[in-house]
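Could you walk me through a few spots of this protein, in plain words?

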Amino acid sequence: MITRTRLAAGSCALLAALTAGLAFPAGAAAGEPTGEDAPKVNLVLDVSGSMRARDIDGQSRMAAAKQAFNEVLDATPEEVELGIRTLGANYPGDNQKTGCKDTAQLYPVGPLDRTEAKTAVATLTPTGWTPIGPALLKAADDLDGGTGSKRIVLISDGEDTCAPLDPCEVAREIAAKGIGLTIDTLGLVPNTKMRQQLSCIAEATGGTYTSVEHTEELTDKVNELVDRAADPVVTPVATEGADRCTGAPALESGLYTDREEFGQQRWYRVDVEPGQELRASVSVAADRAVSPSYGVLLRAVTVHGREIVRGEAAGDGRTDVISTGLRYPKAERDDEEAAETVCLQVTHSFSAGAGVQTTPGLPLELTVDIVDGPSDSDDVASFGLGRGWWLLGVLVLTGFLAGVVWGWLSRWRVAVWRTN
């Protein structure tokens, strides 16, 4: 039983690894990392009146945020340019129009002076409204320019109070600009409505949402996001797909970006040599309000229109990014066979909501990876199981032997019982 359990776990792990390899092709030469400009991070902190609540490790939310910020500032890598922006820190009144303008750059984005930044954070006192949307717009402007990575880390304990400016729509507008800005959100002692709003903001730009209820969790997560900003940046190459395979742009291994209109098809061409494997994945981002029920399809076909393999994904509800992928191994031949031209077709079934602009098209990212294929065709696929077929065989054999042994033991015990 232990052996079978371990084998089952190994099988699941291998299948998970194969799935991960499909979505994120290993060894992909997806663009080139650029280190010309320093990575930039803008920490956006909610300083609204609700931050006075004392429900994080026996202290106020503001005190927990200050403690976390001090530790983050000490651990910030030297190569990261960091800034701090506040929302709701200066206006204590009841005028919503004025309160929704209450966002300010507490510490400018640039080389970090830790002492100066800590002194600025120490002066903060929970005050006013929660203008998340306006703060995100200003925070994006703070990071304007340069080719390095750009990241906003939003820390809030409540949903936006400045409707009708929807923070989710603001995040989608920022994503549509194509400036490579990621927004990560952290919710302090979250409720359902706040969690939905902060998740939507993060998803719109490919960021993450995290629920935080302890000071140590807040410190660790902000440190992780700041460190992530220092990772090398992969810059997608802009391309423009055609409406048919003939005349489509020829792509090599790399990361590409394009825009696809509603109801449109985009075609690309890839040359695959014998003995190579083509791995491709596509992500389509809904950077505006769309109707429910949608999907994305990625097909690999021959130049004559015969489908080789496909990958598809579907959704129903509010999703900002939907992805799928495929793999196609080109068998190696003894004779000198020419490279095969594979046509990649990208189609999505998003539809625009009422009153929503349909142009420009939705942004898509296409990853193409051409690697050396498996040396043995049997290693590629067997009954649709890929390299996991032998694990299934071991499991079947183990189950059979275990059944035989158990049956023999049962018969022996019955025989002994009858004899006695």
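Predicted model: local features only at pLDDT ≥ 70, side-chain atom pairs only at ≥ 80, totals over all residues.

## A strand residue to start with

With a relative accessibility of 17%, T182 counts as buried, where buried means under 20% relative accessible area, exposed means over 50%, and partly exposed lies in between (1.4 Å probe, protein chains only). T182 sits in strand β6, residues 181–188. Here helices (H or I, at least four residues) and strands (E, at least two) are DSSP runs, numbered from the N terminus. Leaving out residues up to four places away in sequence, T182 touches K150, R151, I152, T205, G206 and G207; contact means heavy atoms within 4.5 Å.

Residues are numbered from 1 along each chain as its sequence is written, and side-chain values use heavy atoms, with hydrogens and water left out.

Now turn to T219, which belongs to helix α8, residues 215–229. T219 has 5% relative accessibility and therefore counts as buried. Apart from its neighbours within four places in sequence, T219 is in contact with A68, E71 and V72.

The wider setting is a pair of helices. Two packed helices are described by the angle between their axes and the distance between the axes. For α2 and α8 the angle is about 35 degrees, and the axes are 9 Å apart. Axes are lines fitted to C-alpha atoms, for helices over the stretch in contact, and angles run from 0 to 180 degrees between N-to-C directions. On the α2 side the contact is made by A64, A65, Q67, A68, E71, V72 and A75, and on the α8 side by T215, L218, T219, V222, N223, V226 and D227. These residues divide into 8 nonpolar, 4 polar and 2 charged. In this count Ala, Val, Leu, Ile, Met, Phe, Trp, Tyr, Cys and Pro are nonpolar, Asp, Glu, Lys and Arg are charged, and the others, Gly among them, are polar.

## An open sheet

Strands of a sheet pair through backbone hydrogen bonds, either parallel or antiparallel. In this model, 5 strands form an open sheet in the order β9-β11-β18-β13-β16, with mixed pairing. Two strands pair if DSSP finds at least two bridges between them. β9 (237–238) and β16 (321–329) stand at the edges with a single partner strand each, so one side of each has no neighbour in the sheet. β13 and β18 run antiparallel and are joined by 9 bridges.

## Backbone details in the loops

Most residues other than glycine have a negative phi, and most peptide bonds are trans.

| Residue | Phi | Relative accessibility |
|---|---|---|
| D57 | near 55 degrees | 45%, partly exposed |
| S293 | near 70 degrees | 47%, partly exposed |

D57 is placed in the loop between β2 (40–46) and α2 (61–75). S293 lies in the loop between β13 (276–285) and β14 (294–301).

Which residues does a cis peptide bond join? They are T359 and P360, with omega about -5 degrees. P360 is found in the loop between β17 (340–348) and β18 (362–372).
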